[in-house]
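Work through the exercises below with the model open. Try each task before reading its solution.

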Amino acid sequence: MVIEKLLNFRDAGVQVAIDDFGTGYSSLSYLKKFDIDYLKIDRSFISNLDSESNDSILCEAIISMAHRLGMKVIAEGVETNSQKQLLIAMGCDYAQGFFFSKPLTADQFEAFLLQKGQINAYIQSSPAIL
């Protein structure tokens, strides 16, 4: 039933992500069962991220595994430039968190994107992680 619905979404052009990967109900078996486009690394692995931590080793392993399986990776909960730089060095594809912006309403998000030069400067300063 779930696989059929996911395939219908895929046929409609919708991409699929596993959220909070590495915690709770996210399982390696899902990677075999479902045609997944993105893995989202849970914020609990990002919050204490530094180059010598076990979290760093786990993030690198998740990123490597996902890439070898043809998936992109999104890191959740990025709050510092240091975290962002470590994730770039690991090859993480995307990130989200307070470092980039606080949560915004749809209108605030539109204004954020329309700020003159803001988005171009942002993209140029963050080529690997948007």
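**Exercise 1. The sheet**

In what order do the four strands form the open sheet, and is the pairing parallel or antiparallel?

Solution. This is a predicted model.
- Step 1. Read the strand order: the open sheet runs S1-S2-S3-S4. The pairing is parallel.
- Step 2. Find the edges. S1 and strand S4 (94-95) stand there. Each has a single partner strand, so one side of each is left without a neighbour in the sheet.
- Step 3. Look at the S2 and S3 pair. Four bridges join S2 to S3.

**Exercise 2. The chain as a whole**

State how the elements run from the N terminus on, and what percentage of the residues count as buried.

Solution. 
- Step 1. Count the elements: the chain has seven helices and four strands.
- Step 2. From the N terminus, they run α-β-α-β-α-α-β-α-β-α-α.
- Step 3. Turn to burial. The chain has 130 residues, and 32% of them count as buried.
- Step 4. Check the contact range. Take the contacts with a separation of 6 or more: 44% of these come from residues 24 or more positions apart.

**Exercise 3. The largest nonpolar core**

Identify the residues that touch the most other members of the largest nonpolar core, then trace the elements behind this core.

Solution. 
- Step 1. The core holds 25 residues. Leu-39, Ile-41, Ile-46 and Leu-87 touch the most other members.
- Step 2. List the elements that give two or more residues. The strands are S1 (17-21), S2 (38-41) and S3 (72-75). The helices are H3 (43-46), H4 (54-68) and H5 (81-90).
- Step 3. Pick out the largest share. H4 supplies it, with four residues.
- Step 4. Zoom in on Ile-41. The bridge partner of Ile-41 in S3 is Ala-75.
- Step 5. Set aside neighbours within four places in sequence. Ile-41 is then in contact with Phe-21, Ile-46, Cys-59, Ile-62, Ile-63, Val-73, Ile-74, Ala-75 and Glu-76.

**Exercise 4. A glutamate in a loop**

Is Glu-76 buried or exposed, and which residues does Glu-76 touch beyond four places in sequence?

Solution. 
- Step 1. Locate the residue: Glu-76 is in the loop between S3 and H5.
- Step 2. Read the accessibility. Glu-76 has a relative accessible area of 5%, so this residue is buried. The cut-off for buried is under 20%.
- Step 3. List the contacts, leaving out residues up to four places away. Glu-76 touches Asp-19, Asp-20, Lys-40, Ile-41, Asp-42, Arg-43, Ile-46 and Gln-96.
- Step 4. Follow one of these, Arg-43. Arg-43 is found in helix H3. With 47% relative accessibility, Arg-43 is partly exposed.
- Step 5. Beyond four places in sequence, Arg-43 is in contact with Glu-76 and Gly-77.
- Step 6. Arg-43 and Ala-75 lie 32 residues apart in sequence, yet 7.1 Å apart in space, C-alpha to C-alpha.

**Exercise 5. Two cysteines**

Solution. 
- Step 1. Check burial. Cys-59 is buried, at 0% relative accessibility. Cys-92 is buried too, at 2%.
- Step 2. Find a contrast in H4. Ser-64 lies in this helix. Ser-64 is partly exposed, with 42% relative accessibility.
- Step 3. Relate Ser-64 to Cys-92. They are 28 residues apart in sequence and 8.9 Å apart in space, C-alpha to C-alpha.

**Exercise 6. An aromatic pair**

Is the pair of Phe-99 and Phe-100 stacked or edge-to-face?

Solution. 
- Step 1. Search the whole structure: there are two aromatic pairs.
- Step 2. Take the geometry of Phe-99 and Phe-100. The centres are 5.2 Å apart, with 85 degrees between the planes.
- Step 3. Classify. Planes over 60 degrees apart count as edge-to-face. The Phe-99 and Phe-100 pair is edge-to-face.
- Step 4. Phe-99 is partly exposed at 31% relative accessibility, whereas Phe-100 is buried at 15%.

Definitions and conventions:
Residues are numbered from 1 along each chain as its sequence is written. This is a predicted model: local features need pLDDT of at least 70, side-chain atom pairs count only at pLDDT 80 or more; totals for chains, interfaces and linings use all residues. Side-chain values use heavy atoms; hydrogens and water are left out. A nonpolar core is a set of buried Ala, Val, Leu, Ile, Met, Phe, Trp, Tyr and Cys residues joined through side-chain atoms within 4.5 Å. Buried means under 20% relative accessible area, exposed over 50%, partly exposed in between (1.4 Å probe, protein chains only). Contact means heavy atoms within 4.5 Å. Rings of Phe, Tyr and Trp (its six-membered ring) pair if their centres lie within 6.5 Å; planes under 30 degrees apart count as stacked, over 60 as edge-to-face and the rest as tilted. Two strands pair if DSSP finds at least two bridges between them.
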